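Please read them with the structure open beside you.

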Amino acid sequence: MNLRTEFTLSTSAEKEPKKRLNILLTNDDGIEGAGLLSLEKALRPVCNVYVLAPDGNRSAVSNHIIMHKPLRLTPHGKNRWASEGNPVDCVICALKSKLFGDVQFDAVVSGINKGANMGTDIVYSGTAAASRQSVLYGKPGIALSVETYDGSWKFAPLADFAAKNLEKLVALCTKEAFVNVNAASRDAYDGVSFTSTSKRDYRDKVDIQTETDGAVYGYFTGGNIRTEGADDSDFAAVTSGRISVSLIQAEPTSVRISCKNLHSIVL
């Protein structure tokens, strides 16, 4: 795929499809997250929406799954459930159980996340992990995230984009990759681009302190993120007012070891 190729943005709702897609909607901000609610509202007119999301915030849990205890599921309206688990737990439960009866899902849509999931962020993101898990189960996965640069959080414009282009985004997915969408929090966008991924340095630190009880604690603090990327990177697109669309490999891939390096390894 040519990363410089422009995405054809639909500006009005597509014709009613012959078959409405069955979409599992989840996130990592929790079932009452503003981004999820905005996306759910936008998607319902164009597809069949089934929601299974965490019962609270699960940001930065990555692909964490809970394996050794049952997870309580709580109804939140018609075809809406909250789970004690993480985003990947939600995908596993929805795709591998009869929670929604005999529904066959066509794709998993995750988000809209409150905060960017660009480049290195994808390693930690529960939002991206849900879409990754969908691909691992043979279903298209789409992750959507919004970043703010002025303190405001506007989810409706990206939700509207997702609804108008749902079938196109699903079609972009492959058996090996999910679609990762990022945009700034703003009222309108200047276009859409296929992008490469950036590299993010969080400049974190941990302060070690001994408290009055004698216990030693490590206090994590994040720094000002430094981002590096090419002109066609997700970061470059988002900061220029465009929507970034990236294809992200779901399975881990290895790097070939040179014969020279392999020769030094002994049993």
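1. I begin with the pocket lining, to which strand S5 (107-114) and helix H3 (121-124) each supply at least two residues in the case of the largest pocket. Helices (H or I, at least four residues) and strands (E, at least two) are DSSP runs, numbered from the N terminus. This is a predicted model, in which local features need pLDDT of at least 70 and side-chain atom pairs count only at pLDDT 80 or more, while totals for chains, interfaces and linings use all residues. Residues are numbered from 1 along each chain as its sequence is written, and side-chain values use heavy atoms, with hydrogens and water left out.

2. The largest pocket has a volume of about 390 Å³ and is lined by 21 residues, of which Ala60, Ala116, Asp121, Tyr124 and Tyr202 lie nearest its centre. A pocket here is an open set of points on a 1 Å grid over the protein atoms alone, where a 1.4 Å probe fits, with protein on both sides within 12 Å along at least five of seven lines; lining residues have an atom within 4 Å of a point. The volume is the space filled by probe spheres set on the points, which are joined across faces, edges and corners. By class, the lining has 6 nonpolar, 8 polar and 7 charged residues, where Ala, Val, Leu, Ile, Met, Phe, Trp, Tyr, Cys and Pro count as nonpolar, Asp, Glu, Lys and Arg as charged, and the others, Gly among them, as polar.

3. Two backbone features deserve a look. Ala60, in the loop between S2 and strand S3 (73-75), has a phi near 65 degrees, a positive value in a residue other than glycine, and at 57% relative accessibility Ala60 counts as exposed. Ser62 is found in the loop between S2 and S3 as well, and its phi is near 55 degrees. In strand S5, where Ile112 is found, a cis peptide bond joins Gly111 and Ile112, with omega about -5 degrees.

4. Helix H2 (residues 87-96) is mostly covered, with 7 of its 10 residues buried; buried means under 20% relative accessible area, exposed over 50%, and partly exposed in between (1.4 Å probe, protein chains only). The buried residues are Pro87, Val88, Asp89, Cys90, Val91, Ala94 and Leu95, and what covers them includes strands S1 (22-26), S2 (48-54), S4 (80-83) and S5, together with helix H4 (126-136).

5. The largest nonpolar core has 37 residues, of which Leu39, Ile142, Leu144, Leu158, Leu166, Val181 and Ile243 touch the most other members. Helix H5 (residues 156-164) gives the most to this core, with 5 residues. Apart from it lies another core, of 11 residues, among them Cys90, Ala94, Phe100 and Ala130. Such a core is a set of buried Ala, Val, Leu, Ile, Met, Phe, Trp, Tyr and Cys residues joined through side-chain atoms within 4.5 Å.

6. Which cysteine sulfur is nearest to that of Cys90? A search of the whole structure finds 0 disulfides, a disulfide being a pair of cysteine sulfur atoms within 2.5 Å. Cys90 is in no disulfide, and the nearest cysteine sulfur, that of Cys93, is 7.5 Å away. Cys90 is buried, with a relative accessible area of 1%.

Conventions:
Contact = heavy atoms within 4.5 Å.
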